Amino acid sequence: MATAQMVLSTVGAAFGTSKAGIGIAGLGQFKPELIMKSLIPVVMSGIIAVYGLVVSVMIASSLSPNGYTLFSGFVHLAAGLACGFTGLAAGYAIGHVGDSCVRAYVQESKIFVGMVLILIFAEVLGLYGLIVALIMNTRVSGPQSC
């Protein structure tokens, strides 16, 4: 449960970091002074991995050998997959947008604000998964009714 979630969100973050890093390396050849401002996609990809870490620690801390019901197992699995797949999707989106926008930023500096806005919307995908996982995890620890 926690493993699948952590792996999926980390793969998304790794892809986003690598894809945006390729664009930043290309930018650095022409305008090295813009490298620091162009690190935003890499930072945002790292945040996706942090979302996965938070949810996996929450799931792992609520595991116990006694009294762990089938319902709890399925809820933890669903919470992990929700956060993991949204982290994967957000990482891919951040990677592609970061690469393209960083390359465009070399040509036109006005693209920077648009790049940040698009990256924020891509990051929100991972945040939605985190919120859903948090809500589902409170369902396991809260009162259960049939």
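Trainee: In which helix is the place of Gly-12?

Mentor: To place a residue, find the element that holds its number. In this predicted model, Gly-12 sits in helix α1.

Trainee: Is Gly-12 buried or exposed?

Mentor: Burial is read from relative accessible area, and a residue under 20% counts as buried. Gly-12 has 0% relative accessibility, so it is buried.

Trainee: Which residues does Gly-12 touch, not counting those up to four places away in sequence?

Mentor: A contact here is a pair of heavy atoms within 4.5 Å. With sequence neighbours up to four places away set aside, Gly-12 touches Gly-87, Leu-88, Gly-91 and Tyr-92.

Trainee: How many helices and how many strands does the chain have?

Mentor: Start with the count, then the order. The chain has four helices and zero strands. From the N terminus on, the order is α-α-α-α. On its principal axes, the C-alpha trace spans about 60 × 20 × 15 Å.

Trainee: What share of the contacts with a separation of 6 or more comes from residues 24 or more positions apart?

Mentor: This value tells you how far along the sequence the contacting partners lie. In this chain, 83% of the contacts with a separation of 6 or more are between residues 24 or more positions apart.

Trainee: Which residues have the most contacts inside the largest nonpolar core?

Mentor: The largest nonpolar core has 26 residues, and Leu-27, Ile-48, Val-55, Ile-94, Met-115 and Leu-119 have the most contacts inside it. Helices α1 (2–30), α2 (40–61), α3 (70–107) and α4 (111–141) each give two or more residues to this core. The largest share, nine residues, comes from α3.

Trainee: Take Val-55 from that list. Where is Val-55 found, and which residues does Val-55 touch beyond four places in sequence?

Mentor: Val-55 belongs to helix α2. Its relative accessible area is 0%, so it counts as buried. Beyond four places in sequence, its contacts are Gln-5, Cys-83, Leu-130 and Ala-133. The C-alpha atoms of Val-55 and Gln-5 are 8.0 Å apart, with the two residues 50 apart in sequence.

Trainee: What is the relative accessible area of Ser-56?

Mentor: Ser-56 is also a residue of helix α2. Its relative accessible area is 8%, so Ser-56 is buried. Leaving out neighbours within four places in sequence, Ser-56 is in contact with Ala-2, Gln-5 and Met-6.

Trainee: Where does Tyr-68 lie?

Mentor: Tyr-68 is in the loop between α2 and α3. Its relative accessible area of 28% falls between the two cut-offs, so Tyr-68 is partly exposed. The C-alpha atoms of Tyr-68 and Cys-101 are separated by 47 Å, for 33 residues along the chain.

Trainee: Which residues does the UniProt annotation "transmembrane region" cover?

Mentor: The unreviewed UniProt entry gives "transmembrane region" for residues 6–27, 39–61, 67–90 and 111–136. Residues 6–27 are 100% helix, with end C-alpha atoms 31 Å apart. Residues 39–61 are 96% helix, with end C-alpha atoms 33 Å apart.

Trainee: At which residues does UniProt place "domain: V-ATPase proteolipid subunit C-like"?

Mentor: That unreviewed entry places the feature at residues 6–59 and 77–136. Residues 6–59 are 83% helix, and their end C-alpha atoms lie 11 Å apart. Residues 77–136 are 95% helix, with end C-alpha atoms 10 Å apart.

Definitions and conventions
Residues numbered from 1 in each chain as written. Predicted model: local features only at pLDDT ≥ 70, side-chain atom pairs only at ≥ 80, totals over all residues. Heavy atoms only, no water. UniProt positions renumbered as here; feature names shortened; annotations may be inferred. Core = buried A, V, L, I, M, F, W, Y, C linked by side-chain atoms within 4.5 Å. Buried < 20%, exposed > 50% of the residue type's maximum accessible area, 1.4 Å probe, protein only.
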